[in-house]
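Have a look at the picture, then read on.

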Amino acid sequence: MFVKSVMVKREKCHTVKMDDSVQIGLDLLEQHTIDALPVLEGTTYKGIFTWYHVYRAFFLSGKSKEEFVSTTKVGDVMVNQGVYLHLDDVFEKAIVELNDFPIIAVVENGDLLGIVTRFDVMNQLQSAFGMEKEGVRITFTSVESEGRIGRLGDIIEKFKEAVISLVTFDETDKVVRRIVLKIKKKDNVERFVKELEKSGFRVLDISED
């Protein structure tokens, strides 16, 4: 999946200009119940305006609240001028960049094309784990070796399981892979699990939702 698949297009984004007062930016954040805004000069991306960085700048300014919000410009407190994504960046890059910020800009040739929000990323992760569908979640490990995922596919096919989601993780020792499989609930789950164990997969947990 690529960034462009989850991006909110510029036309649907709320934005501020560099020369806007901090008060204008704060009013927009509060009005739309959001945590951050892209800062533009025309269509050119300049940075990100956030609650946190406004409060931090105010604390360090030594000014009164009234003086600060009326005399300070958005451009004075914006951040992330050089941090952004491209349309064809992979989705995983957005997860890393959103670790400390509620939004990240998507930019091409200096122009803002849209944003990716932490909310969008969380929705995609929930989808990847099949959290919006009821089923049986089986967590198990496998020694990292050639053909293991293929073997898992053979077992799924043998039992005609309907897969909701399949996610794999590397364990810290780099030798074992953790796998989280979610399938539709059927009356053969116990037999399916026994087949997994028979084939060398170590089942850690089974839960139903």
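Does Thr139 count as buried or exposed? Keep in mind that what you're looking at is a predicted model. Thr139 counts as buried, because its relative accessibility is 12% and the cut-off for buried is under 20%.

So where does this residue sit? Thr139 is part of strand 7, which runs over residues 136-143. Leaving aside residues up to four places away in sequence, Thr139 touches Arg178, Ile179 and Val180, and also Arg202, Val203, Leu204 and Asp205.

Now zoom out to the whole protein chain. The secondary structure comes to eight helices and 10 strands. Here are some overall values:

| Property of the protein chain | Value |
|---|---|
| Radius of gyration | 23 Å |
| Span of the C-alpha trace along its principal axes | about 70 × 35 × 30 Å |
| Distance between the mean positions of positive and negative charges | 5 Å |

What about burial and surface? Of the 209 residues, 41% are buried. The protein chain exposes about 12,300 Å², and carbon and sulfur atoms supply 51% of that area.

Last up, the contacts: taking those with a separation of 6 or more, 62% are between residues 24 or more positions apart.

Notes:
Residues are numbered from 1 along each chain as its sequence is written. This is a predicted model: local features need pLDDT of at least 70, side-chain atom pairs count only at pLDDT 80 or more; totals for chains, interfaces and linings use all residues. Side-chain values use heavy atoms; hydrogens and water are left out. Helices (H or I, at least four residues) and strands (E, at least two) are DSSP runs, numbered from the N terminus. The radius of gyration is taken over C-alpha atoms; the globule rule is 2.2 Å times the number of residues to the power 0.38. Buried means under 20% relative accessible area, exposed over 50%, partly exposed in between (1.4 Å probe, protein chains only). Contact means heavy atoms within 4.5 Å. Accessible areas come from the Shrake-Rupley method with a 1.4 Å probe; for residues, only the protein chains shown count as cover. Lys and Arg count as positive and Asp and Glu as negative; His and the chain ends are not counted. The place of a charge is taken as NZ of Lys, CZ of Arg, CG of Asp or CD of Glu.
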